[in-house]
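Here is a short briefing on charged pairs, aromatic pairs and the chain interface. Read it with the structure open.

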Amino acid sequence: MPSTDPVIRLSNVTQRFRVIHERPDTVRELFSKLFRNRSSYHDFEAVKNVSFDVPHGQAVGIIGRNGSGKSTLLKIIAGVYRPSKGTVTVNGTLAPLIELGAGFHHELTGRENILLNGLLMGYSKRDMMERQQDIIDFADVGEFIDAPVKQYSSGMYMRLAFAVAIEVDPQILVLDEILAVGDMGFQAKCFERIRRFRESGKTILLVTHSMAVVEEHCDRAILIDHGNIIVDGRADEAIAMYRTLLTPEVVAAH
Amino acid sequence: MTQLIRDSYRYRELIWALAIKELKIRYKRSVLGFMWALLNPAFMMLVLTLVFSTIMRFAIQHYAIFLLSVLLPWTFFSQSLSYAVESIVTNGDLIKKVAIPKMVFPMAAVVSNIINLLLSLIPLALLVPLLRHPFYWTWFYLPVPLLALAIFTLGMTFFFAAANVYYRDVSHILQVVLSAWFYLTPIIYPLDAIPARYQWILKLNPIIYVINGFRLSVYYGQLPKAPSIVASFVCAFISLFVGFSIFRKYQNNFVFYV
């Protein structure tokens with residue numbers, strides 16, 4: 001029965017980064033490095049041995065301090081990073097909104113960017129043509145849709161990017177701290193859309209620093225610190241633990 | 001190799017859109033826009049024709065056509081490489097945020113330059129009767145060397161694009177390699193300009209077979225001999241196989257270096 005299978009499954013996922021202190025960008029630097037024979041990097045694990053399942057239709061908030069590994073985790077799920085260890089399984093189409101308008105080109109018009117962005121997310125031209133009008137309506141950029149996006153205000157740019165991600169109707173929506181932008185009217189519209197998205201039984205993963213958003217929109221929250229899962233459970237439990245992490249004594253102790 | 005074919009098919013719309021984007025941006029904000037894709041080679045041909053028919057006169061008849069028949073494919077080759085070598089690095093921001101097969105970027109660079117090459121053949125076809133050079137039926141053979149050249153170029157772009165992710169010197173080295181390669185290939189001079197005892201060196205040049213196919217069919221009105229055609233495809237597929245194998249081996253690590 002496909003509906004009982006988890007939509008996202010991470011087992012023992014570790015993401016290691018090689019932090020290169022002075023990367024030899026040129027051949028000359030490379031040679032001088034070789035002769036001096038000094039190791040100039042250290043390995044650093046942004047995500048350590050993380051396992052969890054996300055069942056169909058759940059909204060999961062991922063919280064944690066800056067640099068705790070939240071975004072790395074989302075990028076692993078979105079397929080941007082191949083984890084150093086462990087396995088990731090994602091069943092269903094996934095729309096990643098890691099950064100708004102990542103695929104936009106400033107010289108292309110809004111309409112051209114809608115198509116390009118959709119293709120980048122793995123949709124077909126036909127899919128995008130069918131949804132074009134909904135995207136334009138949601139973005140509400142008026143006549144600017146046929147102007148190059150470099151002429152957009154930052155609000156318009158962001159609205160268009162959000163509209164593309166949400167209107168392609170993915171099965172899984174991955175959002176990385178992007179709802180903090182936009183005016184209140186548009187934010188309300190986004191949350192309304194997310195609510196409808198949830199009601200239609202789809203899965204949401206979102207990284208945010210807004211506890212109010214987690215409380216209101218998430219069935220479950222995962223607290224991460226130093227790449228480890230600290231709490232994986234009800235939103236209020238995770239938030240309570242997060243608050244203790246943030247108290248000055250704890251911060252000083254680290 | 002099957003993965004390459006599968007991915008090219010699966011992402012054909014994206015590759016096409018990226019290639020068109022490349023061209024659109026190149027001609028954006030110019031009054032004549034896309035017309036420049038035709039006008040550029042046309043003006044270049046005009047200049048070359050004037051120079052070689054009045055100032056520098058060679059023993060070769062209709063030198064402009066002799067030259068252009070291989071200069072246009074060479075330009076495609078060198079332009080594709082110059083665009084593609086940076087393609088992974090320039091799209092680094094995108095690679096860090098969206099999961100897309102990295103091969104679409106060098107592919108798009110090659111596709112956009114193929115479009116340019118095909119467009120530049122139009123003014124060449126007009127120049128031929130203008131100079132009263134015979135228009136040979138062997139023009140219709142051109143799709144064959146075009147295919148071999150596209151495959152050869154694609155393989156090279158995969159290699160250089162991957163290498164440039166790790167060492168940015170590669171894009172500079174490429175320019176040196178390309179200019180040396182240009183003079184080592186019979187483009188501005190005929191094949192037999194090389195003394196007989198050095199001819200074997202030419203045979204080691206992997207692009208020479210396909211380049212020769214262009215000149216034979218457009219300028220001489222002949223078809224290349226079968227071994228030469230086979231050699232052009234052997235070189236093309238070796239290039240694609242080696243280039244793509246290297247690219248595929250390292251593509252998952254690109255995201256850490258861009």
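In this predicted model, A:Arg234 and A:Glu237 join their side chains in a salt bridge, 3.3 Å from N to O. A:Glu237 is partly exposed, at 38% relative accessibility. Over all chains, the count is 16 salt bridges.

**Salt bridges within chain A**

- A:Glu45 pairs with A:Arg16 in a salt bridge, and their closest N and O atoms are 3.5 Å apart.
- This pair links distant parts of the chain: A:Glu45 sits in strand E2 (residues 41–55) of chain A and A:Arg16 in strand E1 (residues 6–20), 29 residues apart.
- A:Glu45 has a relative accessible area of 28% and is partly exposed. A:Arg16 is partly exposed as well, at 31% relative accessibility.
- A:Glu107 and A:Lys150 form a salt bridge through their side chains, at 3.3 Å from N to O.
- A:Glu107 lies in the loop between strand E5 (94–97) and helix H3 (110–120) of chain A, and A:Lys150 in the loop between helix H4 (125–139) and helix H5 (154–167), so the pair ties together parts that are 43 residues apart in sequence.
- Is A:Glu107 buried or exposed? A:Glu107 counts as buried because its relative accessibility is 16%, under the 20% cut-off.
- A:Lys150 is partly exposed, and its relative accessible area is 37%.

**The interface of chain A and chain B**

- In contact are 29 residues of chain A and 25 residues of chain B.
- The two chains, A and B, bury about 2,500 Å² between them. Carbon and sulfur atoms carry 64% of that area.
- How many salt bridges does the rule find across the interface of chain A and chain B? The rule finds 1 there.
- A:Glu112 and B:Lys24 form a salt bridge, with the closest N and O atoms 2.9 Å apart.
- On the side of chain A that touches chain B, E1, helix H1 (27–36) and H3 of chain A each supply at least two residues.
- H3(A) gives the largest share of that side, 4 residues.
- By class, the side of chain A that touches chain B has 14 nonpolar, 6 polar and 9 charged residues.

**Aromatic pairs**

- Over all chains, the search finds 27 aromatic pairs.
- One of them is A:Phe17 with B:Phe256, an edge-to-face pair at 5.5 Å centre to centre and 80° between the planes.
- This pair crosses between chains: A:Phe17 is in strand E1 of chain A, and B:Phe256 is in helix H13 (residues 254–257) of chain B.
- A:Phe17 is buried, with a relative accessible area of 16%, whereas B:Phe256 is partly exposed at 30% relative accessibility.
- B:Tyr166 and B:Tyr257 form a tilted aromatic pair, 4.7 Å centre to centre with 50° between the planes.
- Distant parts of the chain are linked here: B:Tyr166 belongs to helix H8 (residues 143–166) of chain B and B:Tyr257 to helix H13 of chain B, 91 residues apart.
- B:Tyr166 is buried at a relative accessible area of 17%, whereas B:Tyr257 is partly exposed at 23%.
- Ring pairs also build a cluster from B:Phe158, B:Tyr166, B:Phe244, B:Phe247, B:Tyr250, B:Phe254 and B:Tyr257.

Notes. Residues are numbered from 1 along each chain as its sequence is written. Chains are lettered from A and ligands numbered from 1 in the order in which they are written. This is a predicted model: local features need pLDDT of at least 70, side-chain atom pairs count only at pLDDT 80 or more; totals for chains, interfaces and linings use all residues. Side-chain values use heavy atoms; hydrogens and water are left out. A salt bridge is a side-chain nitrogen of Lys or Arg within 4 Å of a carboxyl oxygen of Asp or Glu. Buried means under 20% relative accessible area, exposed over 50%, partly exposed in between (1.4 Å probe, protein chains only). Contact means heavy atoms within 4.5 Å. Buried area is the accessible area (1.4 Å probe) that two parts lose on being put together, summed over both. Ala, Val, Leu, Ile, Met, Phe, Trp, Tyr, Cys and Pro count as nonpolar, Asp, Glu, Lys and Arg as charged, and the others, Gly among them, as polar. Rings of Phe, Tyr and Trp (its six-membered ring) pair if their centres lie within 6.5 Å; planes under 30 degrees apart count as stacked, over 60 as edge-to-face and the rest as tilted.
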